[in-house]
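Here is a protein chain to read through in questions and answers. Please look at the sequence and the structure before going on.

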Amino acid sequence: MFRTALLTLLLPASALACPDGAKCITPGDGGLNRGSAGKWVTAPVSPPPVEIGQKLEPGQYPMVFNTRYYGLPPVRDGWVYYEIENEIYRVDRDTLEVLEQATDEANRAF
């Protein structure tokens with residue numbers, strides 16, 4: 001008990017804050033001290049780095065060449081994969097138009 005109180009005093013306030021994207025129990029919702037599970041608060045989700053239909057600038061993002069390593073279907077029908085901020089997108093090879101997000105198809109996290 002004493003160690004917990006001491007640790008709480010020594011930690012900076014930022015260490016006790018709810019991290020981005022985490023579900024946290026807020027102090028004003030009854031918390032766990034009343035025997036309830038509390039209310040979950042979800043941090044706002046950031047927008048995707050690119051929108052579907054957006055045209056990429058040539059040379060702005062790296063193309064993914066080793067699709068087999070990542071478990072992605074082979075490139076075909078005039079589209080290729082690009083890695084954009086740790087997400088994989090299917091992009092038209094000629095126009096560089098973003099067709100869809102393909103991160104969920106990969107067997108390895110980016």
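**Order of elements**

Q: In what order do the elements of the protein chain run from the N terminus on?
A: Helices (H or I, at least four residues) and strands (E, at least two) are DSSP runs, numbered from the N terminus. The secondary structure comes to three helices and six strands. From the N terminus on, the order is α-α-β-β-β-α-β-β-β.

This is a predicted model, where local features need pLDDT of at least 70 and side-chain atom pairs count only at pLDDT 80 or more, while totals for chains, interfaces and linings use all residues. Residues are numbered from 1 along each chain as its sequence is written, and side-chain values use heavy atoms, with hydrogens and water left out.

Q: Which strands are the edge strands of the open sheet of four strands?
A: Two strands pair if DSSP finds at least two bridges between them. The open sheet has the order β3-β4-β5-β6, with antiparallel pairing. An edge strand pairs on one side only, and the edge strands are β3 (63-64) and β6 (98-101).

Q: What is the bridge partner of methionine 63 in β4?
A: β3 and β4 run antiparallel and are joined by two bridges. The partner of methionine 63 in β4 is tyrosine 82.

Q: With which residues is leucine 56 in contact, leaving aside its neighbours within four places in sequence?
A: Contact means heavy atoms within 4.5 Å. Leucine 56 belongs to the largest nonpolar core. Its contacts are Val50, Tyr61, Tyr82, Ile84, Val91, Leu96 and Val98.

Q: Is threonine 67 buried or exposed?
A: Buried means under 20% relative accessible area, exposed over 50%, and partly exposed in between (1.4 Å probe, protein chains only). Threonine 67 is found in helix α3 (residues 67-70). Not counting residues up to four places away in sequence, threonine 67 touches Leu72, Pro73, Pro74, Val75 and Tyr81. Because its relative accessibility is 12%, threonine 67 counts as buried.

Methods
A nonpolar core is a set of buried Ala, Val, Leu, Ile, Met, Phe, Trp, Tyr and Cys residues joined through side-chain atoms within 4.5 Å.
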